[in-house]
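Q: Can we go through this one together? I have some quick questions.

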Amino acid sequence: MKTLKSYILGAIAAALLISCTKNNESIEEGTHVSAVIKFYHSYAIGDEITLTDSNNESQTLTLNKFKFIISDVMLRTTDNEQVHLPNNIAANLIDLANADETNKVRVYLTEVPFGSYKSISFGLGVSQEVANGSTEDQTRLMELAEADMQWTWNPNSYIFSKIEATNTNTETTTPKNLIAHVGNKGGFSSYVTIDLEFLETLIIKQEISPSIHTTVDIDKLFTPDESIGGAKVPFDLLGHGEANDAFNNFVTNYKEIFEIGHIHPNEPAINLEDVEENHHTEETTTGHSH
Amino acid sequence: MKYSKIIYILFIVFVSCSQNSDEYSAFEIKFHQPVNFPSPTFDLEDNPITTEGFELGRKLFYDNRLSLNNEINCGECHNQSHAFTHHGHDLSEGVHPGVFGTRNSQPIQNMAYMNDFTWDGAKDKLFDQPLIPITEPVEMDETMENVLVKLKKDSEYQQRFQSVFKTEDAITSVNLLKALSKFMGAMVSSNSKYDKYVRGEEGGTFTEEEKKGLALFQQKCATCHNGTLFTNQEFINNGIGENPSLPNETGRARISSSNPFATVEELKTSDDYYKFKVPSLRNVEKTYPYMHDGRMILLSTVLDFYDTDTYPLMTKMKNLDERLIQTNQKEETLGIPMTEDEKVAIITFLKTLTDYEFLNDSRFAKPE
């Protein structure tokens with residue numbers, strides 16, 4: 001009898017719980033997409049990319065892989081309040097292999113409180129604090145990492161970013177290829193935070209799902225704007241030796257590859273379940289998994 | 001939002017009522033801290049050890065579905081009767097016939113007190129250590145994604161995960177790893193004759209030879225195998241020479257290198273080359289063979305190795321641990337001086353570290 005009573009209570013609780021979460025986040029039914037970040041990459045997988053090696057010679061390589069994890073997404077309101085989005089909702093894997101024909105990968109932000117925002121920041125990779133913190137809070141991150149972004153045999157198992165390209169020069173016997181896998185390894189810390197100001201105020205409200213046009217300039221990983229402190233990276237020095245200057249510069253250059261452009265402020269509201277269905281084939285790894 | 005507190009309480013009531021531990025177990029597990037042990041490194045706040053969680057972890061530990069083609073389970077290489085090592089194997093075959101790993105299977109005991117895991121410290125938390133055996137091609141060669149797919153098909157797992165983790169869709173990688181940790185974290189070996197001797201309990205009376213062995217052990221071995229855990233948890237080069245049949249072995253060098261693509265040749269120049277974790281000596285009588293590659297079958301061989309003048313001899317790499325180098329009038333001797341009698345006494349003492357209660361504890365065994 002006691003059990004039955006608690007089951008009934010439980011059923012009421014579950015019903016309330018479900019109805020409450022729906023009221024908070026739905027447009028009518030489903031999960032309201034607060035905003036969409038559209039990452040437009042400067043290259044597609046398979047494109048040729050020209051890089052400089054340690055002999056200061058240009059080499060042409062075919063881009064095979066470019067992907068990175070973002071975590072600790074934070075939006076700042078126009079009143080300077082920080083809104084931190086939990087990693088179990090907002091962490092994402094951006095994989096160029098899943099881009100559309102315009103080299104675009106979409107990231108859907110949900111559960112952002114309604115309001116006006118002036119900037120966004122996110123971590124490239126996973127901070128040591130998060131990796132050593134609550135395991136429950138890493139549920140989504142760990143599943144994002146599992147396919148191809150995990151060093152199972154490293155204390156911090158997350159690979160933050162990968163870039164790989166094959167040299168098109170077939171004449172030399174040992175053409176220099178590009179391979180860089182970035183993470184916290186062997187005492188070398190690679191986590192960087194990206195801060196991006198919006199050019200105009202981003203309004204988040206129930207009726208709309210605004211999108212933010214963001215470019216990802218892959219060349220800047222190697223040839224950043226030196227006038228603002230970036231340093232050139234000969235691509236063939238990556239993946240050799242211990243955390244050398246080249247690798248250090250390369251990781252720092254990640255701060256420079258993103259640039260926010262215009263915002264489409266009045267895009268009609270979309271619902272996460274719908275876009276997941278539509279983009280299931282092209283964005284299997286970046287979509288929310290339920 | 002104003003209902004959230006009430007809902008939370010109701011939710012807890014609901015969940016706690018739906019679990020009925022008596023259905024599965026005739027015992028209760030909670031983390032037991034032996035009085036003579038240090039504070040645990042296990043994060044009990046993040047991952048509390050409960051009877052139900054322990055039992056779920058045990059079910060997973062002994063479940064073949066964690067491996068490719070459902071061939072083997074963790075117990076394959078971690079047998080309770082041998083302190084959860086691979087009874088007499090130097091190296092172990094994984095799911096692929098004829099394909100062996102490169103390291104000796106280590107005991108699973110007192111994991112809740114360790115700072116690092118595996119021979120080279122590839123992991124610093126017990127939580128995600130099982131990623132290694134599950135995914136390594138030479139071990140279980142499975143993906144976490146596949147394991148989850150298999151487990152989700154099982155309604156018993158669905159129910160038990162939900163009950164332990166109190167969420168819907170509870171079969172996730174994180175929860176799978178947490179459940180395994182709940183089981184392994186509770187596996188504490190603290191009732192050897194030695195423990196009873198230290199705690200002044202019944203069954204803890206040492207013979208003269210055991211007392212002599214303990215005194216010698218403290219003098220000659222306890223610099224590294226120190227404290228209640230019988231390890232200082234350091235990584236050292238102990239003079240074990242390279243194993244020619246395992247040319248890719250670099251010890252801790254591959255972990256401490258910042259370069260994931262470092263070659264063996266590059267890692268040979270590392271100060272961590274061929275460094276391995278000082279193993280705990282609890283249940284050492286049962287965990288043969290010894291060393292990271294299981295190359296020594298007998299305890300007496302191990303002591304002959306550490307001795308200064310009997311075979312096998314130590315190999316002096318540039319990072320050989322200084323505590324194993326004796327300098328007398330500019331003459332260098334490698335190892336620890338020990339007489340044959342002393343070695344016999346030390347081995348007699350080491351056998352007091354065997355914890356039969358742990359080795360025979362039915363709670364840790366595969367359920368019938």
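What follows is a short chat about salt bridges, one histidine and some helix pairs.

Q: What should I know before we start?
A: This is a predicted model, where local features need pLDDT of at least 70, side-chain atom pairs count only at pLDDT 80 or more, and totals for chains, interfaces and linings use all residues. Residues are numbered from 1 along each chain as its sequence is written, chains are lettered from A and ligands numbered from 1 in the order in which they are written, and side-chain values use heavy atoms, with hydrogens and water left out.

Q: How many salt bridges over all chains?
A: The search of the whole structure gives 36. A salt bridge here is a side-chain nitrogen of Lys or Arg within 4 Å of a carboxyl oxygen of Asp or Glu.

Q: Which residues are linked in a network?
A: Lys65(A), Lys67(A), Asp95(A), Asp148(A) and Lys162(A) are joined by salt bridges.

Q: Over to chain B. What does Glu55(B) pair with?
A: Arg58(B), with the closest N and O atoms 3.7 Å apart. Both sit in helix H2 (residues 51–61) of chain B, three residues apart, about one turn of the helix. Helices (H or I, at least four residues) are DSSP runs, numbered from the N terminus.

Q: Is Glu55(B) buried or exposed?
A: Buried, with a relative accessible area of 3%. Arg58(B) is buried too, at 8%. Buried means under 20% relative accessible area, exposed over 50%, partly exposed in between (1.4 Å probe, protein chains only).

Q: And what does Lys211(B) meet in a salt bridge?
A: Glu208(B), at 3.8 Å, N to O. Glu208(B) is exposed at 61%, while Lys211(B) is partly exposed at 37%.

Q: What about Arg65(B)?  Which side chain does Arg65(B) meet?
A: Asp63(B), in a salt bridge of 3.0 Å, N to O. Asp63(B) is buried at 8% relative accessibility. Arg65(B) is partly exposed at 23%.

Q: New topic. Where does His82(B) lie?
A: In the loop between H2 and helix H3 (131–135) of chain B. His82(B) counts as buried, at 16% relative accessibility.

Q: Which side chain makes a polar contact with His82(B)?
A: That of Ser81(B), at 2.9 Å. A polar contact is a pair of N or O atoms within 3.5 Å; within protein, one must be able to donate a hydrogen and the other to accept it, and residues adjacent in sequence count only if both atoms are side-chain atoms.

Q: What else is His82(B) in contact with, leaving aside neighbours within four places in sequence?
A: His87(B), Lys286(B), Thr287(B) and Tyr288(B). Contact means heavy atoms within 4.5 Å.

Q: Helix packing now. How do H4 and H6 of chain B cross?
A: The axes of H4 (residues 144–152) and H6 (residues 173–185) come within 10 Å and cross at roughly 85 degrees. So H4(B) and H6(B) are roughly perpendicular. Met144(B), Val147(B), Leu148(B) and Leu151(B) of H4(B) make the contact with Ser173(B), Leu176(B) and Leu177(B) of H6(B). Axes are lines fitted to C-alpha atoms, for helices over the stretch in contact, and angles run from 0 to 180 degrees between N-to-C directions.

Q: And at what angle do H11 and H12 of chain B cross?
A: Roughly 130 degrees, with the axes of H11 (residues 299–306) and H12 (residues 340–350) coming within 10 Å. That makes H11(B) oblique to H12(B). Angles under 35 degrees count as roughly parallel, over 145 as roughly antiparallel, 65 to 115 as roughly perpendicular and the rest as oblique.

Notes:
Helices (H or I, at least four residues) and strands (E, at least two) are DSSP runs, numbered from the N terminus.
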